[in-house]
Amino acid sequence: MTATKLFRHAGEGAWTPTPDGNRRRVLLHTDELMMVEFAFDKGGIGALHSHPHVQASYVAQGRFEVTIDGRSEILDAGSSFIVPSNLVHGVKALEAGRLVDSFTPHRADFLG
């Protein structure tokens, strides 16, 4: 069994294009928890979707309109939000920015 990576340094990890035209890179993960960075250009959309994973997100850069279960708020850098399991959610980048998302359990679909 491979040892779990415990540290990730800035700039490490490959960016992967997302189906909605943005980019993501998996930072670290175990079976129980995953941290992923997403990058958006201004106007970029994270399409409305749901998944069984609980998600906690931190706005690392930029400004986003975040919609969770039909409720929308504008969040600036330094803000955060939580998406409970199976709630429909999505984002729109009001300016170029980055989100750092944590998922529990890990998103196996991001490791393919």
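A residue is called buried when its relative accessible area is under 20%, exposed when over 50%, and partly exposed in between (1.4 Å probe, protein chains only). Strands are DSSP runs of E with at least two residues, numbered from the N terminus, and two strands pair if DSSP finds at least two bridges between them.

This is a predicted model, in which local features need pLDDT of at least 70 and side-chain atom pairs count only at pLDDT 80 or more, while totals for chains, interfaces and linings use all residues. Residues are numbered from 1 along each chain as its sequence is written, and side-chain values use heavy atoms, with hydrogens and water left out.

**View 1. Six strands make an open sheet.**
Follow the order β1-β2-β3-β10-β5-β8, where the pairing is antiparallel. At the edges sit β1 (16–17) and β8 (80–83), each of which pairs on one side only.

**View 2. Strand β3 is mostly covered.**
Six of the seven residues of β3 are buried. Strand β2 (residues 23–29) runs antiparallel to β3, joined by six bridges, and the two form a hairpin with four residues between them. Look for Arg24, whose bridge partner in β3 is Phe38.

**View 3. Strand β3 also meets β10.**
Here seven bridges link β3 (residues 34–40) with β10 (residues 97–104), and the two strands run antiparallel. Phe38 stands opposite Leu99 in β10, and Glu37 has Val100 of β10 as its bridge partner. A handy rule for your viewing: in a regular strand the side chains alternate between the two faces of the sheet.

**View 4. Four strands make another open sheet.**
This sheet has the order β4-β9-β6-β7 with antiparallel pairing. Its edge strands are β4 (45–49) and β7 (71–76), each pairing on one side only. Strand β6 (residues 63–68) pairs with β9 (residues 89–93) over five bridges in the antiparallel sense, and Phe64 stands opposite Ala93 in β9.

**View 5. The largest pocket holds about 360 Å³ of space.**
On a 1 Å grid over the protein atoms alone, a pocket is an open set of points where a 1.4 Å probe fits, with protein on both sides within 12 Å along at least five of seven lines; lining residues have an atom within 4 Å of a point. Of the 21 lining residues, Asp20, Phe38, Gly46, Ala47 and His49 are the closest to the centre of the largest pocket. Strands β3, β4, β9 and β10 each give two or more residues to this lining.

Technical notes. Points joined across faces, edges and corners; volume = space filled by probe spheres on them.
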